[in-house]
Number of protein chains: 2
Amino acid sequence: MKPRDAQHSERPARVNDTAQRRDEILVAAAECFMINGFEATSIDMIARRMGATKGLVYHHFPAKADLFFAVIEHGMDLCFQAARPAAEGPGDGAARLRAVLEAHALTMMESVAFQKVNTQGVEMHMHGASTPDQRAMLAHLTGRRDAFEALIGDVLEAGACDGSIAPGDVRLTVKALLGALNWMTIWYRPRPGDERAGRQAIARTLADTLLNGVVRRA
Amino acid sequence: MKPRDAQHSERPARVNDTAQRRDEILVAAAECFMINGFEATSIDMIARRMGATKGLVYHHFPAKADLFFAVIEHGMDLCFQAARPAAEGPGDGAARLRAVLEAHALTMMESVAFQKVNTQGVEMHMHGASTPDQRAMLAHLTGRRDAFEALIGDVLEAGACDGSIAPGDVRLTVKALLGALNWMTIWYRPRPGDERAGRQAIARTLADTLLNGVVRRA
DNA sequence: GTCTATATTTCGATAGAC
DNA sequence: GTCTATCGAAATATAGAC
């Protein structure tokens, strides 16, 4: 183990302190944005929520828009981390689609704040995206969203090939499936006493409904 | 026909002039809210969009929040007007559900602006709903949203009884179905050249997917 | 009924102390 | 690295002319 600087050896080891601080800000920001929306959230609110002041936030993020982008990007990271292994897992198209849908539903529930911020609309708040940096970030996020939809689309097409999934308009089907799940950011709110088993039950029921439809099978 | 006031008979008949003006404001507001969101939309923008000034808007609506509520209420009116006849129409549960889903999908496409404002979140912007009037309006809109979900839930239950629809968690199924359709406010934007037939095709495809699911039928 | 002008507040961002 | 103090821009709402 590398010895720490002798001059400050009495201080507790604070590895990656600034990264941790950044994450704390991200969580506080996600919660504020979720509750009030982008414009109605002031930097003061975010700082107060984590027991700090504006100066701290501006020390870690150059502007409010960058903070907003960082929140959405982190939410997307979580989506990919959950969905990609499921999409690339074993089984035929239908089995993998089920795995992806359940994983995505769980992601929605377990990071509602981050996901709802994404739902609020990336492009909306950056309509006049002033700086080139912001325009680039906007394009980057749009690209990742498209990539996520393509991930699901690929599973659908694989299923259409192996016969486990009914052929149809892939783009529109992806919108329908993701819409049903992403809509959870509108109505789902974690309850103090709820457990993972309960969330898994919801995820399974939703996936069932989407896979099998609502009409009675012959 | 009742004769108009003789003193002003030379003026062109302007029946319901203020009501028309109100509607114009409503449309302009819906479009601005759709593009920029509630907080980022200024009263000036709304006025400019209809070639007027702030004073006009404040003459018809006491505050920005009331205008926002009025937009959402009108959007809900459109939803009920389309869905209720379909829900109360002829046929078994599955047939009526199909009619409701297609009607709702069409409503989403043909009044995107109004519907997207609703998606933005009623409760979000009124978190601290200051005046009692605003709190009452908030409760009113929440009640109507619940009533709309109940409308669909009733059709589902009727279908479960007559055997046309698979039994299941009604509340969760309603959320899934409405989620898939309401999500259109996120991605659907009317194109200059699109026609009603195209929208109907989208509505039918979406309803098909939700009714039959995506896995291949045995 | 619609406009202009303005009072008042709020917030993003910066400067600089510690 | 975090805080206090403050500037300047923007927007809601109002007052009053026409």
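In the predicted model, twelve residue pairs, both members at pLDDT 80 or more, are in polar contact between chain B and chain A. Salt bridges between chain B and chain A number zero. On the side of chain B that touches chain A, at least two residues each are supplied by α1 (17-36), α5 (93-110), α6 (112-119), α7 (122-125), α9 (170-182), α10 (184-187) and α11 (196-212) of chain B. The largest share, eight residues, comes from α9(B). Classified by residue type, this side of chain B comprises 22 nonpolar, 15 polar and six charged residues.

The contact draws 43 residues from chain B and 43 residues from chain A. Together the two chains bury about 3,800 Å², of which 69% lies on carbon and sulfur atoms. B:Met124, B:Trp183 and B:Val214 account for 19% of the area that chain B buries against chain A, more than any other three residues.

DNA strand D is surrounded by 15 residues, the closest being A:Thr18, A:Thr53, A:Leu56, B:Lys54 and B:Tyr58. Phosphate oxygens of DNA strand D are approached by side-chain N or O atoms of A:Arg21 at 2.9 Å, of A:His60 at 3.2 Å and of B:Tyr58 at 2.9 Å. Two or more residues of the surface near DNA strand D are given by each of α1 (17-36) and α3 (54-60) of chain A and α3 (54-60) of chain B. The most, four residues, come from α3(A). By class, the surface near DNA strand D consists of five nonpolar, seven polar and three charged residues.

Methods: Residues numbered from 1 in each chain as written. Chains lettered and ligands numbered in written order. Predicted model: local features only at pLDDT ≥ 70, side-chain atom pairs only at ≥ 80, totals over all residues. Heavy atoms only, no water. Contact = heavy atoms within 4.5 Å. Buried area = accessible area lost by both parts, 1.4 Å probe. Salt bridge = Lys/Arg side-chain N within 4 Å of Asp/Glu carboxyl O. Polar contact = N/O pair within 3.5 Å; in protein donor to acceptor, adjacent residues only side chain to side chain. Nonpolar A, V, L, I, M, F, W, Y, C, P; charged D, E, K, R; others polar. Near = heavy atom within 4 Å.
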